Amino acid sequence: MKIAVIGAGFGGMAAAYDLRKSEHEVTIFEAADHVGGLASGFKEPYWDWSVEKFYHHWFQSDRSMLGLIRELGWEDKVIFPRPLTVMYYKGKFYPFDSIFKMALFPGLGWGINKIRFGFVGLFLRLTNNWHNLERVTTDAWMLKWAGREVYEKMWKPLLIGKFGPFYKDVNMAWMWARIKARSTRLGTFEGGFQKFADLFADRLREKGVEMRLGTQVKSIKQASEKGLVVETAKKEQFDKVLVTMSPGIMAKLCPDLPESYLKGLLELKSMGAVVMVLALKHQLSEQGYYWFNLPKEAGYPMLALVEHTNFVGPEHFGGDYIVYAGDYLEAGHEYFSLSDAQLLERFLPAFKKFNPTFEKDWVKKIWVSKTNYAQPVPLVDHSRNIPEIETPIPGLYFASMSQVYPWDRGTNFAVEIGRRAAKMMMTR
Ligand SMILES: Cc1cc2nc3c(=O)[nH]c(=O)nc-3n(C[C@H](O)[C@H](O)[C@H](O)COP(=O)(O)OP(=O)(O)OC[C@H]3O[C@@H](n4cnc5c(N)ncnc54)[C@H](O)[C@@H]3O)c2cc1C
């Protein structure tokens, strides 16, 4: 078959890999001039490693991604350091990267709250019955089982940070999946995610996949007889097409989709993200903390402060200390329209809270990345509203972050759904 894959993120590339292995003729169309999608990165000329535009790491439970890397023969390039994650409480930061450390968090005191927190954590780790959990919001479930104090101190800040105005609508299966599928040790690829994406793209080219970078797809329509027409600067016909972008772009690209499928795509909610990367002259967290969870109510201008070089050393970045300051935001939030310099002015006053000796002249350079599609919002009974991978148009398939449910989106699940879609394309 002649197959087009739209998008060279990890989902599209994983699908192309399997399709090509089965000897299909595969072309990838990618609007950007590089592969990697949301997990792509950039590099200063004097850095050995790249930095992701949006902070990225893997969990030890990321079976699909780690399995793919093993198949490609690069498992020796995956490293799993044990960086330190901390949570803010009354002006100080406390370790917060395992249920055990969370149980020691002083915000809960030592009485019944700690016991409820422990039992809820244990229950969620042990149960597999997420179908029941998706029928209720996290807000309602946590208030009932963890209690108001535990919920408000531990879980609500996380929900507000990720989902902003939608925090009360998120279903409990999302929280279950997050607790179930995460590990304390965090992984990355030697050289950064972009290095991995580039190696993967080279492997695809070697195997005969045609990779068209800098080629934006404008529409996908049914051909007059059989197959689909992909429109870029020209029009080309394919037997099958896989789309891997957001539901909103899918709806725009494929106007022939029936009303009911289009409606399903357009009703899906998601949050955007604005992330600043800073190259600093000095280390920010002298305690070596990697990830700072920052509750909105504590007044920080960002949700997370991530010191990447407390995860992988500054020697990979020519001695620069790399810090991310980021937030998940609803479309239309003012951060999307601020200039990079204005955003820096918003963020900088908070930096002294991580290190009182911080000065503005520590900042060597900044980069800001923005996306409207960063985090799908799973509402109650979400499993009934997920668009099918096989669309009602014969030969047209769709695999996005919004369909990896109940799991929280991530490159691991992009690989999983990409490969699942490829299998469906070859067997139906
Ligand atoms: C702030 C943030 C933090 C994250 N942290 C992590 C993390 O720590 N670990 C993790 O594993 N994952 C993380 N993720 C999620 C991860 O980046 C995504 O789940 C994954 O990259 C999605 O891959 P994909 O292939 O499905 O889509 P994408 O990566 O979005 O790929 C889609 C591709 O389609 C291209 N495209 C769009 N429109 C067109 C068009 N018209 N024509 C042609 N091409 C087009 C885009 O340029 C893009 O390359 C994070 C994401 C964000 C935003």
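A nitrogen atom of the ligand is 3.0 Å from a polar backbone atom of A31. The model is predicted.

User: Which other polar backbone atom sits by an oxygen atom of the ligand?
Analyst: One in G11. The distance is 2.9 Å.

User: What about side chains? Which one has an N or O atom by a ligand oxygen?
Analyst: T411. An N or O atom in its side chain is 2.6 Å from an oxygen atom of the ligand.

User: At what angle do α2 and α13 pack?
Analyst: About 70 degrees, with the axes 7 Å apart. Roughly perpendicular covers 65 to 115 degrees, so α2 is roughly perpendicular to α13.

User: And how does the contact of α2 with α13 divide by class?
Analyst: It has three nonpolar, three polar and four charged residues.

User: New topic. How do α6 and α7 pack?
Analyst: Helix α6 covers residues 138–145 and helix α7 covers 148–163. Their angle is about 155 degrees, and their axes are 8 Å apart.

User: Are α6 and α7 roughly parallel or antiparallel?
Analyst: Roughly antiparallel. The cut-off for that is over 145 degrees.

User: Is the crossing of α6 and α7 left-handed or right-handed?
Analyst: Right-handed.

User: Which residues make the contact?
Analyst: On α6, T138, D139, M142 and L143. On α7, R148, Y151, W155 and L159. By class, the contact of α6 with α7 has five nonpolar, one polar and two charged residues.

User: Switching to the backbone. Where is there a cis peptide bond?
Analyst: Between Y405 and P406, with omega about 10 degrees. Most peptide bonds are trans.

User: Where does P406 lie?
Analyst: In the loop between β20 (396–398) and α13 (411–427).

User: Which residue other than glycine has a positive phi?
Analyst: E23 has one, near 70 degrees. Most residues other than glycine have a negative phi.

User: And where does E23 lie?
Analyst: E23 is in the loop between α1 (10–21) and β2 (25–29).

Technical notes. Residues numbered from 1 in each chain as written. Predicted model: local features only at pLDDT ≥ 70, side-chain atom pairs only at ≥ 80, totals over all residues. Heavy atoms only, no water. Axes fitted to C-alpha atoms, helices over the stretch in contact; angles between N-to-C directions. Helix = DSSP H or I, 4+ residues; strand = E, 2+ residues; numbered from the N terminus. Parallel < 35°, antiparallel > 145°, perpendicular 65-115°, else oblique. Left-handed = near helix turned anticlockwise from the far one by under 90°. Contact = heavy atoms within 4.5 Å. Nonpolar A, V, L, I, M, F, W, Y, C, P; charged D, E, K, R; others polar. Polar contact = N/O pair within 3.5 Å; in protein donor to acceptor, adjacent residues only side chain to side chain.
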